[in-house]
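Please read it with the coordinates open.

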Amino acid sequence: MQALLKADAEVTQLSDEASSLEVRANELIIQTDVDATEATNILGFIATAKKKLEEKRTFFVGPLNGQVKNINNLFKQYNAPLDNADGTLRRKVLAYRQEQVRQQRKEEERLRKLAEKEQQRIEKKAEKKGLPAPPPLVMPVIKSAPKTMQATLGSATMKTAWDFQVVDENLVPREYLVVDEKKIRAVVKAGIRNIPGVRIYQDDKLAVRAR
């Protein structure tokens, strides 16, 4: 593509003109109306050169952008069933693993209560016989479900991570908020002149139009 651009005579000419205009802009000192007029002329040349370069850029990238868009849309369609299947299976595997963990904890709680009840029974028995309190019973160890499942074509590991969900935007601290500058700019252009926390002011800008 770079070679193709360099081979285009108009692009080469525009590139040379751009470099020349930059040199003139750097060298020009504006102290009189004549200087300002010359600067305005240069600005006009720059505006024209920018317009031509943009037209050339669009000429070269337009078809490419169209192809990229079509290719992206096609692959998005191809990927959709895979994304759906991926999400469905992830939810099912997670649900299965979570149920395993729930059952494990349920069994641990059942055994803990049994051990507690048995501990109280033997303590009372020892107390009646005037014997010292027996040591605490050793809880049976429940084998935990493996966090990683291995398969021929891959593996799946269940991980616990912190996540969040905004439930009330009005309660979110300021340091986590982002100012919508695009929206502010739009309402300022529409005539709004007073927004708390925002300084609205007039600024001089130079509007240049090519002939």
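1. Arginine 110 and glutamate 107 stand three residues apart in helix H3, so about one helical turn separates them. The model is a predicted one. The two side chains meet in a salt bridge, with 2.6 Å from N to O. Arginine 110 has a relative accessibility of 41% and is therefore partly exposed. Glutamate 107 is also to be classed as partly exposed, because its relative accessible area is 29%.

2. Arginine 90 and aspartate 86 form another salt bridge, in which the closest N and O atoms are 2.5 Å apart. Both residues belong to helix H3 and are four residues apart, about one turn of the helix. How accessible is arginine 90? Its relative accessibility is 55%, so arginine 90 counts as exposed. Aspartate 86, at 38% relative accessible area, is partly exposed.

3. Arginine 112 and glutamate 116 are joined by a salt bridge of 3.3 Å, N to O. They too lie in helix H3, four residues apart, about one turn of the helix. Arginine 112 is partly exposed, with a relative accessible area of 33%, and glutamate 116 is partly exposed at 44% relative accessibility. This pair is part of a network of salt bridges that links Glu109, Arg112 and Glu116. For the structure, the count of salt bridges comes to eight.

**Buried charges without a partner**

4. Aspartate 35 lies in helix H3. Aspartate 35 is buried but has no salt bridge, and the nearest side chain of opposite charge, arginine 24, is 11 Å away. What does the side chain of aspartate 35 have beside it? A polar atom of that side chain lies 3.0 Å from the backbone nitrogen of glutamine 31. With neighbours within four places in sequence left aside, aspartate 35 is in contact with Leu28, Ile29 and Ile30.

5. Arginine 97, also found in helix H3, is likewise buried and has no salt bridge. Which side chain of opposite charge is nearest to arginine 97? The answer is glutamate 99, at 11 Å. Once neighbours within four places in sequence are left aside, the contacts of arginine 97 are Ala145, Pro146, Lys147, Thr148, Met149 and Met158. Both charged residues deserve a look in the viewer.

**Aromatic rings**

6. How many aromatic pairs does a search of the whole structure find? It finds two. In one of them, the rings of phenylalanine 59 and phenylalanine 60 have centres 5.3 Å apart and planes at 80°, so the pair is edge-to-face. Phenylalanine 59 is exposed, at 56% relative accessibility, whereas phenylalanine 60 is buried, with a relative accessible area of 14%.

7. Phenylalanine 75 and tyrosine 78 also form an edge-to-face pair, at 5.6 Å centre to centre and with 75° between the planes. Both residues lie in helix H3 (residues 33-128), three residues apart, about one turn of the helix.

8. Lysine 56 lies over the face of phenylalanine 59, 5.4 Å from the ring centre. Arginine 199 has its charged end over the ring of tyrosine 201, at 4.1 Å from the centre of that ring.

9. Helix H4 (residues 181-189) is hardly covered, and the count of buried residues among its nine residues is zero. Glycine 191 follows H4 and has a positive phi, near 120°.

10. Lysine 76 has its place in helix H3. With a relative accessibility of 62%, lysine 76 counts as exposed. The C-alpha atom of lysine 76 is separated by 42 Å from that of arginine 105, the two residues being 29 apart along the chain.

Notes: Residues are numbered from 1 along each chain as its sequence is written. This is a predicted model: local features need pLDDT of at least 70, side-chain atom pairs count only at pLDDT 80 or more; totals for chains, interfaces and linings use all residues. Side-chain values use heavy atoms; hydrogens and water are left out. Rings of Phe, Tyr and Trp (its six-membered ring) pair if their centres lie within 6.5 Å; planes under 30 degrees apart count as stacked, over 60 as edge-to-face and the rest as tilted. Buried means under 20% relative accessible area, exposed over 50%, partly exposed in between (1.4 Å probe, protein chains only). Helices (H or I, at least four residues) and strands (E, at least two) are DSSP runs, numbered from the N terminus. A charge sits over a ring if NZ of Lys or CZ of Arg is within 6 Å of the ring centre and within 35 degrees of the ring normal. Lys and Arg count as positive and Asp and Glu as negative; His and the chain ends are not counted. A salt bridge is a side-chain nitrogen of Lys or Arg within 4 Å of a carboxyl oxygen of Asp or Glu. A polar contact is a pair of N or O atoms within 3.5 Å; within protein, one must be able to donate a hydrogen and the other to accept it, and residues adjacent in sequence count only if both atoms are side-chain atoms. Contact means heavy atoms within 4.5 Å.
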